[in-house]
Amino acid sequence: MILVTGATGTIGTEVVRILAERGQRVRAMTRNPDGRSLPAEVVRGDFDDPGSLDGAVAGCDAVFLLDAPGPWIERHDRAMLDAARSGGVRRVVKLSAIGTGEDTEVRAGGWHLPGEQALRAGEAEWTILRPSSFATNTLHWASMIRAGRPVANLTGNGAQGVIDPRDVAEVAVAALTAPGHAGRTYTLTGPELLSAPDQVAILREVLGRPIGIVDVPPEAAKEQMIAAGRDPEFAEGAMRGQRFIAEGGNARLTADVAAVLGRPARTYATWARDHRAAFE
């Protein structure tokens, strides 16, 4: 039995689907299981409720550890790892972030570092996945594009190895189910470096329509996030990350997706064509 945390999110949903399609026994954890339709056993689990985590991991051989980004990740990681250890889980695959531990002052990956360290120090087999920026992040532009408004650019011409979340999920499934991944840390990127203007240019071609783009200062974006009710510490961390990207700090590519899956990572253009309807 494999437990997938964050099972209703972008990556978790795909991991559950792939595992189920491959005949694996899979348990999907969510804080609100009522009405959830997933091809898995759905259980309630809350990172801030240790008892619920003990129940979620009971009888599981492996755990995919995924949590929403934010300063709470260290607390949540430790809670799940404690439950996994008590439950005798033999394998844990953690979704982290690119660059974790390199510079915790400017990277959201600093939220993941304590969990990575605790995972490595435990007895279970472990694999750590550090993906770059998700192609799905540009879905935030969809309402602007549909309304004919320019999309907001917080990262200037800073380029990243934008990755299709489907590739992240496939690597996660491989690490959860196949030998040869224990003790490995994979930095997962797409096959090319792309800036926000590059992604907009690809969307223009895919959609066959003009799309504008306007630079937004990170400080203005942070104020908007806080005004919308986001945690100020989260907003500050997110904007530090945006500035880091704008300065070229995330301009890196790896071949880790190809090494694990035996094929090249999907391009952003492929993702955009497959999700064209979201922008129309």
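Me: What reach does helix H6 (residues 165-177) have, and how does it compare with the expected one?

Reply: Helix H6 has 13 residues and reaches 18 Å from its first C-alpha to its last, close to the 18 Å expected at 1.5 Å a residue. The expected span is 1.5 Å times one less than the number of residues. Helices here are DSSP runs of H or I with at least four residues, strands are runs of E with at least two, and both are numbered from the N terminus.

Me: What kind of model do these values come from, and how are its residues numbered?

Reply: This is a predicted model, in which local features need pLDDT of at least 70 and side-chain atom pairs count only at pLDDT 80 or more, while totals for chains, interfaces and linings use all residues. Residues are numbered from 1 along each chain as its sequence is written, and side-chain values use heavy atoms, with hydrogens and water left out.

Me: What makes H6 as a whole mostly covered?

Reply: In H6, 12 of its 13 residues are buried. Among them are Pro-165, Arg-166, Asp-167 and Leu-176.

Me: Why does Val-92 count as buried?

Reply: Val-92 has 2% relative accessibility, which is why it counts as buried. Val-92 lies in strand E5. Beyond its neighbours within four places in sequence, Val-92 is in contact with residues including Val-63, Leu-65, Leu-81, Leu-119 and Ala-124. Strand E5 (91-95) is also part of what covers the buried residues of H4, together with H3 and strand E6 (125-131). In H4, those buried residues are Pro-114, Gly-115, Glu-116 and Leu-119.

Me: What makes the second largest pocket a pocket, and which residues lie nearest its centre?

Reply: On a 1 Å grid over the protein atoms alone, a pocket is an open set of points with protein on both sides within 12 Å along at least five of seven lines, whereas a cavity is a set where a 1.4 Å probe fits but cannot get out. Lining residues have an atom within 4 Å of a point. The second largest pocket has 13 of them, with Leu-81, Arg-85, Gly-122, Glu-123 and Ala-124 nearest its centre. Its space is about 240 Å³; a volume is the space filled by probe spheres set on the points, which are joined across faces, edges and corners.

Me: Which helix gives the most to that lining?

Reply: H3 does, with five residues. H3 (73-86) and H4 (113-121) each supply at least two.

Me: How do you know that the protein chain fits a compact globule?

Reply: The rule is 2.2 Å times the number of residues to the power 0.38, with the radius of gyration taken over C-alpha atoms. With 280 residues the rule gives a radius near 19 Å, and the protein chain has 19 Å, therefore the two agree. The C-alpha trace spans about 55 × 40 × 35 Å along its principal axes. The chain has 11 helices and nine strands, and 50% of its 280 residues count as buried.

Definitions and conventions
Buried means under 20% relative accessible area, exposed over 50%, partly exposed in between (1.4 Å probe, protein chains only). Contact means heavy atoms within 4.5 Å.
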